[in-house]
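Hi everyone, thanks for making time this morning. I'd like to walk you through one structure, so let me put it up on the screen.

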Amino acid sequence: MLISLLRRIWILVFVVSANAFAGDPPVYSHPTLGAIKGADVVAYYALAPGDDAVIGSDDFTYVWNGATWKFSSAENRDKFIANPEKYAPQYGGYCAFAVAHGYTTSIRPDSWKIVDDKLYLNYSRISYLRWKVDMEEKIKEADANWPAVLDVCEKRGNCK
């Protein structure tokens with residue numbers, strides 16, 4: 001009887017602990033620049049394809065999903081606060097090409113594309129061009145891999 005009670009308590013503690021640590025997958029965040037190296041994610045939606053990213057300011061920040069997001073204006077910050085899922089990049093801001101291939105890596109804010117109203121970022125111009133060649137297939141592959149690829153980077157200790 002005591003063993004049965006202890007077993008139930010242990011299961012309850014395990015379930016509560018697992019739920020406490022469960023949450024949204026982490027966001028790619030630079031230690032000093034913040035989420036996606038300080039780029040204003042809302043600003044991407046006003047850019048023409050190929051334009052450079054707009055870097056946010058320390059004056060307009062918001063902490064969401066464990067990362068500090070920077071914006072170029074109070075208006076962009078407020079749009080993000082109202083609907084962060086609309087503006088946050090896919091795959092936590094990790095490189096879309098890498099996630100499609102089963103791993104994570106950092107990004108360059110200027111290697112981006114909006115597809116079906118979703119922001120995708122890549123590590124470099126080369127990875128962006130390789131991702132773009134068969135973008136629809138790469139998105140399907142990355143969607144299937146996300147967020148399980150985070151287990152790989154966590155085991156390797158290189159979620160960056």
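Let me start with a question for you: which residues on the other side of α6 are exposed? They are E136, K140 and A144. Before I go on, please keep in mind that this is a predicted model.

Helix α6 spans residues 135-145, and its buried residues are M135, K138, I139 and A142. Those four sit on the same side of α6, because they cover an arc of only 100° around the axis.

Let's step back to the whole chain. We have 7 helices and 6 strands here. If you read along the sequence, the order is α-β-β-β-β-α-α-α-β-β-α-α-α. The protein chain has 160 residues, and 37% of them are buried. For contacts with a separation of 6 or more, 55% are between residues 24 or more positions apart. As for the surface, the chain exposes about 9400 Å², with carbon and sulfur atoms supplying 56% of that.

Next, some backbone geometry that I'd like you to look at on the screen. As a reminder, most residues other than glycine have a negative phi, and most peptide bonds are trans.

With that in mind, look just past α6. The peptide bond joining W146 and P147 is cis, with omega at about 0°. P147 belongs to the loop between α6 and α7 (149-156).

Then there is I36, in the loop between β2 (34-35) and β3 (57-64). I36 is not a glycine, yet its phi is positive, about 40°. Is I36 buried or exposed? Its relative accessibility is 0%, so I36 counts as buried.

My last stop is Y91, in the loop between α3 (84-87) and α4. Here too phi is positive, near 60°, in a residue other than glycine. Y91 has 5% relative accessibility and therefore counts as buried.

Terms used: Residues numbered from 1 in each chain as written. Predicted model: local features only at pLDDT ≥ 70, side-chain atom pairs only at ≥ 80, totals over all residues. Heavy atoms only, no water. Buried < 20%, exposed > 50% of the residue type's maximum accessible area, 1.4 Å probe, protein only. Helix = DSSP H or I, 4+ residues; strand = E, 2+ residues; numbered from the N terminus. Arc of directions from axis to C-beta. Contact = heavy atoms within 4.5 Å. Areas by Shrake-Rupley, 256 points an atom, 1.4 Å probe, with all protein chains shown as cover.
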